[in-house]
Amino acid sequence: METPPSKEPQENPQNVPPIEDKVLLSWASSNRQEHQRTLLWYILAAIVAFLLIVYSVITKSWSFTFLLVVSGGLYVALHRKKPKQIAMSIKQLGFQFGEEFIPWSSIKGFWVLKHKNFEELHIERNAKLGIEISVSIQNMDSENIRGLLAQFTPELTDKHEKLFDKIIRISKL
């Protein structure tokens, strides 16, 4: 014998209206720092590249030669294009980085690096890989961003610029 269907309303998560996520602050940021390089920079870069290739050929390190040529070609190909602008948003439910939305529960914390000519917002995820988002906050009030983010995730005051990032910035790569 079949039991009659229940008269109580069934819970259906698909009928629940989505929570509106209010944008608290938004801006556009380039996906990489654009450096002003002088003729001297290009001359020195060409000399260093040439010497490394000569060394790799003399020592018969063919894989190193291949790596130098490919990485040099990739660098030139990637840096010919102007940096793309990416939309950033601080929202009530998380951080929007272009098309990617990161909920606050997935973010370990943030810190702001102040350089002589620009400022960067760094957002560290909880992921084991330690994937970090670095965003330029040029033309933005860093204290306003700091105060807003501190409402949702902790500021990691012990963080600083990584050595590799410092080398890239100083050598304008």
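Two strands are taken to pair if DSSP finds at least two bridges between them. Strands (E, at least two residues) and helices (H or I, at least four) are DSSP runs, numbered from the N terminus. With these terms, I107 has R125 in β6 as its bridge partner.

The model is predicted: local features need pLDDT of at least 70 and side-chain atom pairs count only at pLDDT 80 or more, whereas totals for chains, interfaces and linings use all residues. Residues are numbered from 1 along each chain as its sequence is written, and side-chain values use heavy atoms, with hydrogens and water left out.

Strands of a sheet pair through backbone hydrogen bonds, either parallel or antiparallel. Here, four strands form an open sheet in the order β1-β2-β3-β4, with antiparallel pairing. Its edge strands, β1 (23-30) and β4 (100-103), each pair on one side only. The twist from one strand to the next averages 15°; axes are lines fitted to C-alpha atoms, for helices over the stretch in contact, and angles run from 0 to 180 degrees between N-to-C directions.

Strand β2 (residues 85-91) meets strand β3 (residues 94-97) in the antiparallel sense over three bridges. The two form a hairpin with two residues between them. Within this pairing, I90 has F95 in β3 as its bridge partner, and S89 stands opposite Q96.

**The three-stranded sheet**

A further open sheet, of three strands, has the order β5-β6-β7 and antiparallel pairing. Because β5 and β7 (132-136) stand at the edges with a single partner strand each, one side of each is left without a neighbour in the sheet. The twist averages 20° from one strand to the next. Seven bridges join β5 to strand β6 (residues 119-125).

Contact here means heavy atoms within 4.5 Å. Helix α3 also lies across β5 and β6, running at about 165° to β5.

Helix α1 (residues 39-58) has 20 residues, which at 1.5 Å a residue should span 28 Å; its end C-alpha atoms are 29 Å apart, in agreement. The expected span is 1.5 Å times one less than the number of residues. After α1 comes K60, whose phi is positive, near 55°.

**Aromatic pairs**

The structure holds three aromatic pairs. Rings of Phe, Tyr and Trp (its six-membered ring) pair if their centres lie within 6.5 Å; planes under 30 degrees apart count as stacked, over 60 as edge-to-face and the rest as tilted. Two of the pairs are tabulated.

| Pair | Centre distance | Plane angle | Class |
|---|---|---|---|
| W41 and Y42 | 5.0 Å | 85° | edge-to-face |
| W104 and F152 | 4.9 Å | 0° | stacked |

W104 lies in the loop between β4 and β5 (107-114) and F152 in the loop between α3 and α4 (163-170), so this pair ties together parts that are 48 residues apart in sequence.

For accessibility, buried means under 20% relative accessible area, exposed over 50%, and partly exposed in between (1.4 Å probe, protein chains only). W41 counts as buried at 19%, while Y42, at 47%, is partly exposed. W104 is likewise buried, at 11%, and F152 is partly exposed, at 27%.
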